[in-house]
Structures are given as C-alpha cells and as structure tokens.
2 protein chains.
Amino acid sequence: MSESNGSDRKFKWVGTRPIRHDGVDKVTGRANYGADFDLPGMLHACMLRSPHAHARILRIDTSKALALEGVKAVITSDDIPELALTDASGPTNFSDLSRNVLARDKVLYHGHAVAAVAATSTRIAQEALALIEVEYEPLPHVLDLRAAMAPDAPILHDHMRTKGVDPTPDKASNIAAKMELSRGDVDQARAYADIIIEREFETATVHQGDIEPHACVAQTNEDGQTTVWASSQGHFMIRAYSARLLQLDISQIKVIPMEIGGGFGGKTTVYLEPIAIVLSRKTGRPVKAVMTRDEVFRATGPAPATLINVKFGANRDGKVVAAKCKLVYEAGAFPGSPVTAGAMCILAPFDLDHFLIEGYDVVVNKPKTAAYRAPGAPPAAFAAETVIDEIAHELEIDPLDLRRNNAVSKGSQAAYGPKFSDIGLLETLDALRAHPHYSAPLGENQGRGFAVGFWFNAGMQSSAEVKLNEDGTAIVIEGCPDIGGSRASMAIMAAEELGIDVYKVRPVVADTETVGINDTTGGSRVTFATGMAVIEASQEVVKQCCQRAASVWDIDPTDVIWQDGCAVATGDGAKKLEKEDKLVPMPIAEIAAGAARTGGPITGKASLNARGAGPAFAVHLVDVEVDRDTGKVEIVRYTTIQDAGRAIHPAYVEGQMQGGAAQGIGWALNEEYVYDADGVLANPGFLDYRMPVALDLPMIDTVIVEVPNPRHPYGVRGVGEVPIVPPIPAIANAIHDAIGIRMRKLPMSPPNVLAELVRASGGA
Amino acid sequence: MSESNGSDRKFKWVGTRPIRHDGVDKVTGRANYGADFDLPGMLHACMLRSPHAHARILRIDTSKALALEGVKAVITSDDIPELALTDASGPTNFSDLSRNVLARDKVLYHGHAVAAVAATSTRIAQEALALIEVEYEPLPHVLDLRAAMAPDAPILHDHMRTKGVDPTPDKASNIAAKMELSRGDVDQARAYADIIIEREFETATVHQGDIEPHACVAQTNEDGQTTVWASSQGHFMIRAYSARLLQLDISQIKVIPMEIGGGFGGKTTVYLEPIAIVLSRKTGRPVKAVMTRDEVFRATGPAPATLINVKFGANRDGKVVAAKCKLVYEAGAFPGSPVTAGAMCILAPFDLDHFLIEGYDVVVNKPKTAAYRAPGAPPAAFAAETVIDEIAHELEIDPLDLRRNNAVSKGSQAAYGPKFSDIGLLETLDALRAHPHYSAPLGENQGRGFAVGFWFNAGMQSSAEVKLNEDGTAIVIEGCPDIGGSRASMAIMAAEELGIDVYKVRPVVADTETVGINDTTGGSRVTFATGMAVIEASQEVVKQCCQRAASVWDIDPTDVIWQDGCAVATGDGAKKLEKEDKLVPMPIAEIAAGAARTGGPITGKASLNARGAGPAFAVHLVDVEVDRDTGKVEIVRYTTIQDAGRAIHPAYVEGQMQGGAAQGIGWALNEEYVYDADGVLANPGFLDYRMPVALDLPMIDTVIVEVPNPRHPYGVRGVGEVPIVPPIPAIANAIHDAIGIRMRKLPMSPPNVLAELVRASGGA
C-alpha cells in the first residue's frame, strides 16, 4: 500500500454512511424525473415507428396528419440536416445517430422512428400518427448473427465496408469491424498444453430494463436559444449530440438534468431530444416527448446478443498456457457493439503469455445497441469463466486454487495492454475462501458455483466546484447525473477535505451552463473522476482559507496548515502569534465570515481528464436449486465479494454490488428479446420480458474488499459495472454442480434448461 | 491616460451595441419575473398589516383565522426567532430586520406586517386576515423630522441611544446616529469669504416606484432544504438574510433569481422571503407571496424625506472658501438612512480646503427606508447645487465658469477622503459648454438650468465563471441579477478577451448554488466589479488555451500568444513550427474540440472584492416652461452628459442616463408620500403617487464622455446611479431662470410652485 492513495490516512467521513442528501426528496416524491416536468402551452410529441424489420421508405405523406385539429407540426428526416456518412467524433458516427433518431431512406428495425408529431395532447398526436401515410418497400431482414455474416446475407448498409481488415474489402458487408488483441504465439504454446477445451457460447439480446422511460421537454425561443429538460446519464452528451445533429452552436442549447430512474448505460445517447428541439423550433412552443414501455424496448439500446468461442489450453498443474477467443457481437441496426470492451475483458483476470482474441461487430435488423453495465463483459465472462471451471473439473483441481494459480496481480500485464498496479483479485479470492458461504452445506438438487468478473473502469472528463458560504457551510457542484449516489459521495469527499460536517455540505448536480463539461455518468467513473475533481476543488478552498488566515494573522501562508476544519499556525508563524497571545486555530466559519474583507468569496474548481482509474475485480458465489421436472433454476444463496479500492459511502457500494448481481441473475436466467419470423419484437413489455423481482431473489450478501487504487487520492476504484459480470458464469457453474450439465446458451430459463436435461438423459 | 485601463487598446466588441442576449425572451413574454412562477399544491400568503402608525401589540388571536377552511398556517413574530438587539453584520441589524419583517411587541408604521396567512387561495387568505384579532394600544406617532428630534418626541425604540456621540447619551432618542466629515477650519475660513449664502432645503419621502411588486415562492422539503424563487437585486442577499433571520445554515437555502422588473435599490433587502420560508416549513407545501401595489408603497423601502442646511462662503472671484452642511435624513421605523452617503456626496464635486458636514439618522413612524439609486445623493445635490448657482448669480459670474473654477480633478482630495485619480468632471462640463442645447434660444416663461451630480460607485464582491464549450462557443456565468444589461455587458467583455463573436457567448445569471458569492446588484458596481471577474476568468481560459496549443505543438507555453481567438506561436516556438511546416494559428474551436485529449475541460473562474471603482460625474442641462397660472413646470428639453469611463454597451449606458433623469424629474416635480393626521399613507397607488409617464417627458438627449478609470482593465466606471443626482437642482435652477424663484422644497409641484409665485408677488 502506498501513501498517495490515502491508505494510511485516518478518515472522518469516508467510509461512513450518512443519510443521502437527495434521499428525502426521492422518498417523498418531490424529486423530479424526466416526465415530471410541464410548461404552459406545452405540446406533446409522439413518434411513428416502423412496422417492418427492414424496408425502403418510398414516400411519406404527412398532409392528413397536419390537417388534424390540434396538430401543430409533423416532421420526418427531411426536417433535420443530412450529415456526411463520415461525420464522426471518437466512436460516435453522427450520420448513423441522425438516421437512428429519424429513419432516412430505409427503416432498419421494427420500431425505427419514421416521423414525429407535435399536438396539443398525446391523444391527438397518436391519432395523427395513424393519418401519416408511409409507402414501404419491404426488404429481407436478418436477425441472427451467423446469418448476418453469411455471404448472401441481406445487407443493411450498402456503403458499409468492414473496418480493421487490410486491404479494405470492396464488397458491402454486415460486419462493421474486426478487431484483434494478441500476445505471444498461441499455436506454438498449444504444444505445452496437457488439456485443451474449446466451447461455443450464445447469449440473447437483453435490455437494460431501466424503470423510467426516456422523456424530455424542449423549449426554443424566438432567437433559437433552447432549453431541454431531460433524464439521462449525461446532459452534456445531450447538449453536444443535439447541437451536432441539428448543426447548432453548443452555446444555444442548455440541458437541465432531471433525476434519472435508472440508466445502466441505456441513457448514454439521444433518441427524443433532437426531435423535441426541432418540433419546438417549428412550433415556437415547448414540446414534451415521453416513450411508452413498448417504445423503450423496441427502439432504445438493448445489449447485444453474442456468439463467443473460447479455447483454453492448460498444463496438468492447472496453469493456462494459451487461449484463443472469438467474439461476435450484435451492433443492432448501426455499427458499434461493445465487442472491443468484451475482448478487453475476456482474459483480463488471467496471467497469460500467449493468447489471441478476435472481435467482430455485426449489424442486424434490431435496434441499435447501447451500453449496458460493463458493456460487453458479461457474455465474455460467461464463456471464459465456465471454460476455466470445466478445466478445473477435468484436472480435478480445486477451482479456487486454479484461479489463484492463474490470477493477475500487481505487475502482471493485462491482456488488453497495460501493467496492473495494485489490484484486488487475489484478495477477493481469499475473501471468498474465508467466507462461511463457501463451505456451507448444500441440499438436494442444489449446486454451488463461483466466477470472477473484471471491469477496467473509466476516468474521462469531470468538472467540479466547491463554494464556501458566508457561514462556513459549503456547496459542491458536480455535472454528472446522480445515478449511484454521487451527491452523497461528493459531499463526503468535500467534508473530508474541508473538515466540516457532511450535512453542512450541499451537493448539487448542475446544468450544462453552470458547471464545466462533464462526460457521461458511466463506466464506473463518477466517484473516481468527479471525486478527484471535488477533492482538488476542495483543496483549493482549503489553500485559500489558509492564505486568508495567514493574512489576518500577518504570518507567512506556508506557516499555516489545515486541521479539523481550522487554519492552524505552525513554525515561525505560531511563535509570532504565541508572543501576541493570539495562537488559536481559526475555524472555517470565521474565515468564511471574514472573506469579503480578506479578498472576496472563497471558491475552488477543478476540470480534469482523469487518468488512473483502478481496475475492479469481483467474485460472486451462488447456490442454486434446479427443479429437474421444469428446468427452473432457483437462486438459493448469493454472496458478492468485490474490491472497491476505497468505499466512500459503503451503503452505495453494497447497493451497486446487489443491483449488479440482480441484473446479472435476470440476464442469466430469463431475459431475452423474442422476435417473430417477420422480425417483430414479440415481448416489448415487463410482463413478457421477465426481469427478476424481489420475490425471485434471496438477500444478496456483500463483502467489500479494499485494495486502494494508488492513482486516486483516497484509493477509489469504480464499483458500479463489475457486479454484473460474474453472475452468469457463477450460475452456470452452480447449475453444473447441481445437475452436471454445462449451460452454454442464455437464458438458462426453464425451457432451455429442461431441453438440456432431456438431451443429457438421452431424450428427444 | 494610462495603459492599464485599456485606453490604447483597439476594441472589437467593447463600445458596440449588439442585440441583448435576454432581449427576445423579454419582449416575447417568455422571461419569468417574480410572480410568474407556480408550483403544484402551492399555497398563497397574505400579510396582515398595521392600521396604526404607532401602537403596542397587546394580544394576537389567530384561532378564528386558522379555523377557516383552506387556511393552512397563520404566523406571527412568535414563529420566528427573536434575535439579540445587537445581532448585526456591517450596516445591517438583524434584530431590526426581523422586527420589520414581522412586528414584535410594537407596530411602528401604517402597513407594518403583523401576521401572515397561508391558504389555498389568495381570496381565502385575505378572508382569514379579517379573522385575526389584534388588540392594539395606540401610541402617539411622529412623522416629521423636526418633531422627531424634539426633546418631547414620542420615542419609537426605548432602547435606542444616539450613536456617534461621545459619551453615549443615557436617554432614548429618535436620533439613531450622528456622523461628521470635516477638513480645515470652517469658521476661520469664513473670514476670507466675500459672500456667504445659507439656505435650508426640504425634500419629501419618495418611492423607487419599481413596476414589479415584490414576489417570491418558497418550497421547503421534509429535511429542511429550502428553495426560494424570488425577484430581487441580490439572491445571495436573500439567502444570507433569510438564513440569518431564521437561524438556518446557508447551505440549506437555495435562491433562484427570477427576472427583475425594476429595483432601483428597493429590492436590496428581504420582506416576504423569510415569511414564505416559515410558512412553507410549517405547511410542507410551496408558498407564494406577492405584494399588492398598496403594500409596496406602505411597507417597502421608500427613500427618505430630508432636511438639509447648506452654508457656502465664496470670494469675489467665485472660489468657494468654506462650506458647512447639516443633513438630517429619515431612516423610517428602524435606523439606517443613507445620510452617510449623502454627506459623502454633497461636497464631492468641490475642491475645498475647509468644510464641516454633519449628518443625522432619525427614526420616524414611516416604513423603513431602503436604498434608492445613488442613495442620499439627490437631496444633497439639490441643496449644494442650487446654492452654488445662487452664488454665481449673486457674484454675476457665469455659473459654468464658477463650476469649473471650483471643480475637483485628478489629484484633488475628495471631501469624503481619498485622492481622486482620473475623473471626468471637467470633461463633462466642457462637453456641456460645447453642446448646442447650452446656447439654444429660450421661449417665454422658459428657463434653463444645469447641475452637477456625483456618485462614488461601488466595487464589492463578485464571482464569475467562463466555460469553453466543445465547439469553441462559451458560457459566461455571473451571479448578479441583470438590472442594467449585465448579460450583454458580460458577454461583450468575454467575447473581447476570448476573441470570439459576442453571439457565440451565452451569458447566464446563475442561482446561489452554482456560482460563487456575489454582492447585491447596486451602487453601479456590476459592470465594473463583475466585469473585472469576467475579464479575469476569460483570461484564465485564454491562458489555458495557449497552454493546450503549446502542448499540441510541443513548444514552450511562453512562446504562445492569443490573437483574434487563436493561439499563435512566437519566438523559438514559431521557429520550430516553421521548420516543421506547421506554423498556423490554432483557432479556439480547434483547441476546444481537442480539450479532452489535452487535459480536460477548459474553464476559468474569478472571485474578488473589487477595489478601485471609478467615481462618476454627470451634468444635466434642462429647459423648463412654467405656467404662472397653475404653477405647473413642463420639461421642454433635457440633455445629460456623463463620464462612463468606458461604455461597454453604449445603448445601456444611455438607457441608464435617460432612466435616472426620468426618475430624478419625477422626484423633483411631483412625487411625495402624503400622510394624514393619523399617520396613514393617503396615496399608496400610482394614480395618486404621481410618477412621470412618457407623455410628461421630452426625448432625453445623452452625451457619453469617456475618461477611463485607471483601476479597471477596460476603464469602466459605474453609470447607473449618478444620473438621478443632478435633475432636482438642474430643474430648480431652471425654474429660477424662468420665473426668478428659488424652490427649496420638494416636490416642485403645481401647488408648491404656485404658493411661491403667490408669495413672491406679495400675495397671501
């Protein structure tokens, strides 16, 4: 443990569990979510969506809809700028995004937005949708990854050539991109393997299942200045994307963040906002757009179905000597699956000299995928973590010993490139072995499994401000929507630095005009990166407080230190004050009250692009009971163990661990998009798309391990993503332990498990 | 002219007249003022006000009011903390403020708030007011300054002893304080005077006449966190005062500034906000409080009536050798008239070696006075500027020559203490002589007069932020309500520093949580002090842009300068880039787009307590026509000439000059509080309280003189206050020129002028 990560520091607030600052408003219903906002004279927008999975748009006639009383505007892609196919910034292609927001020329999935209506009521808007005439030329569609990659597949984008292949192919393909990661020589290394296991895995399209549907209100005034109220994971993203899509100045758009009722990666892009802005500009009135649950399923970011092939070679001692992985991920209708992240994660827990990972990004006639908690990692872990479990069984080595034997630790080179600094994989594995659950007895038809999960975590841009009030209380401004408790965490970190009570700190999530740029809340980056900014801004306030005290005392500022919320004189300064009989600490409230006289208001700010996010490891242990008659898998007991680096507010860390596990359990056992033969989504609702509810789950036990991240002042590493990574393989391993069957296809739902049981017993 | 004030600088945006950024919203009705805000479930508050000018409160029974259906709360001073009589900060006594917000023990003026009701509608709240039983013991009242100072006067505050008198008197008095300013030896100097003129002046109580009545909404949630939406001159003031009065943490209160429909000093304190907060805390619901016009007149900050005695001694050459002034100002019901400011201003334009100024702050049974544009200065100028005009006439010296002869200039010691730096009095007087109006012919019964006005202007605390957007546009955050065009002025200054188009800058007035502390908008301080903060914050952005460019170019940051919105390499850096064939300027948009890669978001901030406000001088020239039959004075022609230091947005400067002149004309000719014998205000409405409307005024001509303030980067000096100072004496001098009568009592209304005409003609 190094000193820089605060591991030797005695904390007063970090690690405590104060009542969240936004808690009262949320439990009493005062907090305003996306759809909770109305304006006088507001219009309501509804979207016309494609009934086809793939079709050419030959003609759209909006005249009858426009003629309906109460309809104020109808727009199609003709009403938004057509962007160059190459208009991109980083991984975001704005031409694709524009065509996803409103289809141009073609519809590419069932539910693809084709037109939008603004009317005086939702009922009238919906009535108008039925009056819009769209002439389609249906085209053959493709939903299946293997079929999409076949040479004769229906092509979604005639201009698309596979990226990452040299030379660039001259033929259009549904393979948007190919990527590769490798080290050593896999084929040579295979010679040292005593055992080689190769398996193929298949996972289904699933949805983030955020409880709050996407919603926004846009208001544009006569000189084009626009305000958007929206629920999202990144209001700066909404501002930047909307400006880019509509070719406006960023300074013309202000986005006010509403509370968010779940995002999980699904609210990291725009769907409704640019449409609401255009409708507001056209009508001169505020426009509200709220999705139905059906629309959320049909048209917003699912996580991709995948096909993954994993081949591990190990020697008799249980050391993996080589690994080969092929990951094929759905992108949905436009390029951009999380296959790269999946490829980066799949072998990250393993200390390997020889490996080859190939990734394929493939478009299909489904909605464009969006990020979903540790994007791409859960299917990858499903594959790697069940194969490693199988190797342990084949070699008759304790799976935990085998994992320790292959585990990365400080100094190991990660499969995705960098050398690991302090990481907590070994520590979480040791905590697993020590946990009573690990050795508890099992009942009939019960089995136990565990799996490791990895997520690299992100840093990115954060801006924060700390302002000292006249009475010594303080305000902390952040610009990241509070998804996982960042208000409480930021208040804790500011209280720690300032040395004041955490309830004297008011944390605020500010709009796009009143705080510097913040990247989207995601990648488990906020407590880490925004926390760094808050600490830095608080330290600027402390520094100024010391200077103000020094000026009042007329001593050198370097003779002033900060202790428990007070400026304290030291050295020569202390001697001088002692002589004057004035050697007493100066509390922050006194410094604040006198600030006008000593130079003006005391504020601190920091804007940074945070480096040094600490990778996160988690291990989950699960007991299942399998009903051999129905194939139903029951979760009997569940324990999550995770390295948090430093848990700022442990209750939130535990909440993330439990929430991620719950989502992973749903993904493992029941969730899947079901399409009919025409490519129409058959289960766009919570009754048919089966997410786990409280009754489906036991209490999920949590153990926080703390191996401080040396590159954060307090040792923080992200905690939000990694808990969704281990559940699928942990459950698959537990099912194997219970009934001796290896599940390699998701979901491990009753029909799928039953089919495997029947097959194993030699049935049909 | 020094270089530091930008006098040699070529400006691109400073001095231009861009369309104001908030203009469209204001002319189309989208801008939200104090009363334009509602919340679901909101209650409406009304105040019970004293029918007596002075009375003891014996008993308040609210039970019948509380029993009325729809009434949710009734409060009296028992529901707010009783503060120590000594609870003060700077000039603000919070015990007095608390007792002004809700009377405790005694009512001190007709209209004094006694209780407040929150009900489901305003009608029910008003009905409930009638059900509150208050038992009063009426006390003798005093409205007149002379009577209030008399030994046997009814005493408003039994605990009050005159401050500034040594030893402190042991007897209660209505004289709250005495102050003095002096230099040299007045009595000795009198020997050198060839002429001595002593005159007594009397001015009436007047009101700021802001068109928008005071209004706010307060919402408190279950953990005490409070949001207030209010129209004011200082939302940080509302936050600080409300917290102090209610003994809450400042961090518990957030104040969101609404647009302000006129303040003029009258919105620099709290009346309704603490009451709305308490009612919201009591009921758990949002509470709205809006004054009627009647309440605004009866209970909010008028400007004081005054009694001023001025004695000037001059020699035959027209040089004033000694001056003695006595200023007696009404404070209203609680101490705190602007007599000190009046005393500081009265002799400021004169270069004097010998003077004595005495000021008295006197309480009377009228509403507590508040600031009103150049608080205290107009009555003082009325006195001094008509006496100096009289001296010129007596000595038969051209009044303009006499003014020049006695005028302060750079290096003169101001009567209130400091040495003047660059000031523009002589320049405005020269501009007056050169103006065609000065020598235009006059008609029958017409007269011409001019007068000089002075205001020292303020600096105080300002915080500002500048944030660079990803596309090179920018946002400027200020925390001062935009009364005189500060959004446009701040955008101009930021555009000037950043080198971008002024319309690419979005100026924002932020709430108390999202910008550092800002003192109240007043004292003509915002363009000066907040402007300094904006310039400083912009320069931080520019510095960072240069550093980012240097890092991309891999050259030394000291080799990068900023030109026309681009980083430009110089010196060795330029040589290196030239060799690499890369020597091109890097535009701000490119730097902004790459900021994430070069270190994160680019933001600048500044918090300061601005020193070096440049004093302002103005001279007004007016032609009047007097109707000898009715005494009505008509303004025939009006020209204002004023030193703005540097006019950032000249149209706003002209607006201030015209607006101040219009208010001064109203004060001079018609405005006055009329009380009946019981101390009841008889004219609390715009029909009876006669302010000038457009039909009463000619087009007011403006001449901006620019003598840059050396202590501001652009040379700015405040412009908002001083225009109200010269109108009263200029008109009085013009009336004398027209009909030979010296008016020494305000208003110079038809009855008062007629009375003087009758008296002069020897009539009754």
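Which residue in strand 23 of chain B does B:E478 stand opposite? The views below show a predicted model.

**View 1. Four strands of chain B form an open sheet.** The strand order is 23-22-21-27, with mixed pairing. Strand 23 (505-509) and strand 27 (603-610) are the edge strands, and each pairs on one side only. On average, neighbouring strands are turned by 15° against each other, direction ignored.

**View 2. Strand 22 of chain B runs parallel to strand 23.** Strand 22 covers residues 474-478. Five bridges join strand 22 to strand 23. Here B:E478 stands opposite B:V509. Sheet strands pair through backbone hydrogen bonds, either parallel or antiparallel.

**View 3. B:F94 and B:Y241 form an edge-to-face aromatic pair.** The structure holds 38 aromatic pairs over all chains. In the pair of B:F94 and B:Y241, the distance is 5.4 Å centre to centre, with 85° between the planes. B:F94 lies in helix 3 (residues 94-101) and B:Y241 in helix 7 (residues 235-246) of chain B, so the pair ties together parts 147 residues apart in sequence. Both B:F94 and B:Y241 are buried.

**View 4. B:F201 meets B:F382 in an edge-to-face pair.** The ring planes stand at 70°, so the pair counts as edge-to-face. The ring centres are 5.2 Å apart. B:F201 sits in strand 10 (residues 195-203) of chain B, and B:F382 in helix 11 (residues 377-395) of chain B. This pair links distant parts of the chain, 181 residues apart. B:F201 and B:F382 are both buried.

**View 5. An aromatic cluster in chain A.** One cluster is formed by A:Y416, A:F420, A:F454, A:W455, A:F456 and A:F617.

Conventions
Residues are numbered from 1 along each chain as its sequence is written. Chains are lettered from A and ligands numbered from 1 in the order in which they are written. This is a predicted model: local features need pLDDT of at least 70, side-chain atom pairs count only at pLDDT 80 or more; totals for chains, interfaces and linings use all residues. Side-chain values use heavy atoms; hydrogens and water are left out. Two strands pair if DSSP finds at least two bridges between them. Helices (H or I, at least four residues) and strands (E, at least two) are DSSP runs, numbered from the N terminus. Axes are lines fitted to C-alpha atoms, for helices over the stretch in contact, and angles run from 0 to 180 degrees between N-to-C directions. Rings of Phe, Tyr and Trp (its six-membered ring) pair if their centres lie within 6.5 Å; planes under 30 degrees apart count as stacked, over 60 as edge-to-face and the rest as tilted. Buried means under 20% relative accessible area, exposed over 50%, partly exposed in between (1.4 Å probe, protein chains only).
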